[in-house]
Amino acid sequence: MPEEPQNPTAGESETPSAAIENAPSSDAPEATDLPSTEKPPAKAKKPAAKAADGDKPPAKAKKEKAPAVEDKPFAEFIQQDYLPALQTALTKQGIQDLEVRFTKQKLPIAGMSTAGDCWQVIGKFQEGQRQFNLYFPQENIQSQRAFSCAENNTHTSTLEPFLIDERKITLDLMVFGVVQRLNAQKWLNLN
């Protein structure tokens, strides 16, 4: 009768002698289908071609990035870039008689007359019946900004923060912000 296989407990198992005899040697490398964690040998790099006079080859010139329009001086950016872009965007929205200007004057809000002058972009349309103001207390588009609007030649009563959650203010974002705000006011023809 053949001997019954035993189920050894932990620490009592033995490797059968047939397995030991047929196991590959750990001394000789053997190719397998398993991926290797060893790095392949580094390939020799070809030496760089040297200039005829023995100096190093000329370095490739890096393309310098043109400065962003937002990096221009404040007044120059507003007058040369922002006002034309805002005019174009609002004209595309159906506003025909838009007049925009850039000026430094007191805030047109009740109770704010004692505050100093502030840079403002003032837009008027519908024969001056609708007006919006974009305020810049400092000469920097990245600093605080505010917005107000008034209808039928009334005085502005509320000063709202403008694009306060944005990390970096760009030309497109400033134009988009005014268009969205006027759209929310239901002042654009596409509503």
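How are helix 2 and helix 3 oriented to each other? In this predicted model, where residues are numbered from 1 along each chain as its sequence is written, local features need pLDDT of at least 70, side-chain atom pairs count only at pLDDT 80 or more, and totals for chains, interfaces and linings use all residues. Side-chain values use heavy atoms, with hydrogens and water left out.

The protein chain contains 3 helices and 5 strands, taken as DSSP runs numbered from the N terminus (helices: H or I, at least four residues; strands: E, at least two). The order of the elements from the N terminus is α-α-β-β-β-β-β-α. Of its 191 residues, 28% count as buried (under 20% relative accessible area, with exposed over 50% and partly exposed in between; 1.4 Å probe, protein chains only). The chain exposes about 14,800 Å², and carbon and sulfur atoms supply 51% of this area (Shrake-Rupley method, 1.4 Å probe). Among contacts (heavy atoms within 4.5 Å) between residues at least 6 apart in sequence, 44% join residues at least 24 apart.

The axes of helix 2 (residues 74-92) and helix 3 (residues 171-184) come within 10 Å and cross at roughly 40 degrees; the axes are lines fitted to C-alpha atoms over the stretch in contact, and angles run from 0 to 180 degrees between N-to-C directions. The two helices are therefore oblique to each other, given that angles under 35 degrees count as roughly parallel, over 145 as roughly antiparallel, 65 to 115 as roughly perpendicular and the rest as oblique. Their crossing is right-handed, meaning that the near helix is turned clockwise from the far one by less than a right angle. Helix 2 contributes F77, I78, D81, Y82, A85, L86, A89 and L90 to the contact, and helix 3 contributes L171, M174, V175, V178, V179 and L182. These residues divide into 13 nonpolar, no polar and 1 charged (nonpolar: Ala, Val, Leu, Ile, Met, Phe, Trp, Tyr, Cys and Pro; charged: Asp, Glu, Lys and Arg; polar: the others, Gly among them).

L134 is located in strand 3 (residues 130-136) and counts as buried at 1% relative accessibility. Leaving out residues up to four places away in sequence, L134 touches Y82, W119, Q120, V121, A146, F147, F162, M174 and V178. I122 belongs to strand 2 (residues 118-125) and, at 2% relative accessibility, is buried. Beyond its neighbours within four places in sequence, I122 is in contact with E99, V100, R101, T103, Q105, Q131, F132 and N133. The C-alpha atoms of L134 and I122 are 6.6 Å apart in space, with the residues 12 apart in sequence.
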